[in-house]
Amino acid sequence: MRAVTIGWSARWESGAIVDREGLLDLASRLQTGLASCEFDVQTVRLATQPFPTIVRPTEVRAFSRQLCELGELAGFEYVCMGPVRPGDWEWVPELVEVLVREERLFASLLVTDQTGAVSLPAVATAGRVIRALADRTPAGFGNLRFAALALCPPGSPFFPAAYHDGGGPALGIAWEVADEAVEAFGEARSLAAAEQRLRERLGVAAARIVAFGERLAADLGIRFLGLDCSLAPYPDERHSVAGAFERLGVVPFGGPGTLAVAAMVTQALRELPVPRIGYCGLMLPVFEDAVLGKRAQEGRLHLADLLLAAAVCGVGLDVIPLPGDLSAVQLSAIVLDVATLATKVGKPLTARLMPVPGHRAGEVVRVDFPFFAPAGVLAVDGSVPPEWFGNDAGQNTERD
């Protein structure tokens with residue numbers, strides 16, 4: 001399992017997070033339950049409701065510090081304090097500050113509004129946040145912990161998209177089963193056979209994981225939200241989503257047949273007969289997928305390939321290495337494409353973009369992080385006029 005994520009309603013009173021003991025007790029019982037788990041659990045995570053609904057802008061730094069300390073004490077590897085929503089501009093400078101300061105912390109920004117439409121001010125703000133994190137964190141690595149979200153509801157167990165719905169505690173699971181696709185596709189002789197083998201293998205795995213999740217949630221006395229059955233990779237070729245495509249004959253990934261296989265995989269995932277949450281699609285994170293990273297190094301993978309696949313699969317653009325000198329406007333334009341696609345196809349998508357300072361298109365990036373593989377920086381040609389996004393001073397990312 002990639003992640004077991006607990007959603008928890010944080011309460012802030014008189015400058016402190018309250019009900020700490022309740023969370024610590026829940027976390028202790030969770031660890032006891034996971035000790036008997038038959039699956040490998042990579043990380044245990046904590047997500048709150050959107051932080052602008054919890055604290056005032058002047059309280060964000062104290063809240064984030066206490067949340068990280070509480071998360072560490074409770075045994076959560078990572079914590080996520082949810083998204084800033086369109087219009088909550090006062091919280092944006094503090095969002096940047098705490099992501100620079102707290103290495104355990106994740107957060108996000110919604111770039112679609114309550115009607116489901118793209119918010120251009122939010123898109124512009126997302127580009128500024130990405131640029132600021134690239135400039136202010138070592139190797140721009142702070143952007144690992146930030147994403148622009150389009151149409152993403154609460155409950156996803158994947159970070160940075162995770163946030164809680166504000167109700168009682170809840171549990172969601174994200175798995176990591178790209179190796180099942182590699183095995184299923186390696187012995188298939190046709191698309192139909194590949195799909196059948198994939199459905200069979202994933203159906204068995206999903207049923208076992210969900211049965212465990214339901215038992216665990218019942219023992220804890222909390223809600224079980226379901227499984228985000230997105231096909232997620234691990235940074236070696238045996239667990240590569242792109243490697244599974246290439247074993248099926250789509251060589252290189254991005255060539256003819258890529259879109260058809262992506263759609264087939266996503267359909268199989270979304271028809272698994274288990275409770276589902278989150279993206280439930282295909283993950284193509286360049287830094288996390290060894291074959292995608294290799295194709296990027298070879299110059300055979302392009303941003304357009306990933307955006308096209310997102311039209312029929314699951315996540316959007318995820319941990320994408322980009323040239324370090326991209327402007328905030330160029331980054332906003334990429335976010336705008338993802339958000340527009342999400343609204344046109346009616347599904348959640350995210351943009352987690354990682355400009356790498358000092359690196360240009362085509363250069364290889366090696367990050368000292370166990371969940372990343374070496375990858376090539378993808379080219380971004382052209383830009384759009386800054387006037388597209390207006391001049392709203394309320395979107396600044398800097399605190400005066």
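I began with Leu151, which sits in the loop between S7 and S8. Helices (H or I, at least four residues) and strands (E, at least two) are DSSP runs, numbered from the N terminus. Leu151 is not a glycine, yet it has a positive phi of about 60°. I looked up its accessibility too: at 27%, Leu151 is partly exposed. My cut-offs for that are relative accessible area under 20% for buried, over 50% for exposed and partly exposed in between, with a 1.4 Å probe and protein chains only.

I found Ser14 in the loop between S2 and strand S3 (16-18). With 83% relative accessibility, Ser14 counts as exposed.

**A note on the model.** This is a predicted model, with residues numbered from 1 along each chain as its sequence is written. Local features need pLDDT of at least 70 and side-chain atom pairs count only at pLDDT 80 or more, while totals for chains, interfaces and linings use all residues; side-chain values use heavy atoms, with hydrogens and water left out.

**Cis prolines.** I checked the peptide bonds next. The bond from Phe159 to Pro160 is cis, with omega near 0°, and Pro160 is in the loop between S7 and S8. The bond from Val251 to Pro252 is cis as well, with omega near -5°. Pro252 is in the loop between helix H7 (241-248) and helix H8 (258-270).

**Around Arg295.** Pro252 came up again here. Leaving aside neighbours within four places in sequence, Arg295 is in contact with Glu246, Pro252, Arg300 and Leu301, where contact means heavy atoms within 4.5 Å. Arg295 is in helix H9 (residues 290-297), and it is buried at 11% relative accessible area. I also noted a network of salt bridges that links Glu246, Arg295, Glu298 and Arg300. A salt bridge here is a side-chain nitrogen of Lys or Arg within 4 Å of a carboxyl oxygen of Asp or Glu.

How many salt bridges does the structure hold? I have 23 in my notes. One of them joins Glu176 to Arg2, with the closest N and O atoms 2.5 Å apart. Those two are 174 residues apart: Glu176 is in the loop between strand S8 (170-174) and helix H5 (178-186), and Arg2 is in the segment before strand S1 (3-7). Buried or exposed, I wondered, are Glu176 and Arg2? Both are buried.

Glu187 and Arg197 also meet in a salt bridge, 3.3 Å from N to O. Glu187 is in the loop between H5 and helix H6 (191-220), and Arg197, ten residues away, is in H6. Here Glu187 is exposed at 51%, while Arg197 is partly exposed at 24%.

**Helices H2 and H3.** I turned to how H2 (residues 60-74) meets H3 (residues 92-101): their axes come within 9 Å and cross at roughly 35°. Those axes are lines fitted to C-alpha atoms, for helices over the stretch in contact, and angles run from 0 to 180 degrees between N-to-C directions. Val60, Arg61 and Ser64 of H2 make the contact with Glu94, Glu97, Val98 and Arg101 of H3.

I then asked how enclosed H3 is. Eight of its ten residues are buried, so H3 is largely enclosed by the rest of the structure. Among the buried ones are Val92, Leu95 and Leu99. The cover over them includes H2, strand S5 (78-84), strand S6 (105-110), helix H4 (120-136) and strand S7 (146-150).

**Aromatic pairs.** My last stop was the rings of Phe, Tyr and Trp (its six-membered ring), which pair if their centres lie within 6.5 Å; planes under 30 degrees apart count as stacked, over 60 as edge-to-face and the rest as tilted. That rule gives 13 aromatic pairs. Trp12 and Phe63 have ring centres 5.7 Å apart and planes at 80°, so I wrote them down as edge-to-face. Trp12 lies in strand S2 (residues 11-13) and Phe63 in helix H2, so the pair ties together parts 51 residues apart in sequence. Trp12 is buried at 13%, and Phe63 is buried at 0%.
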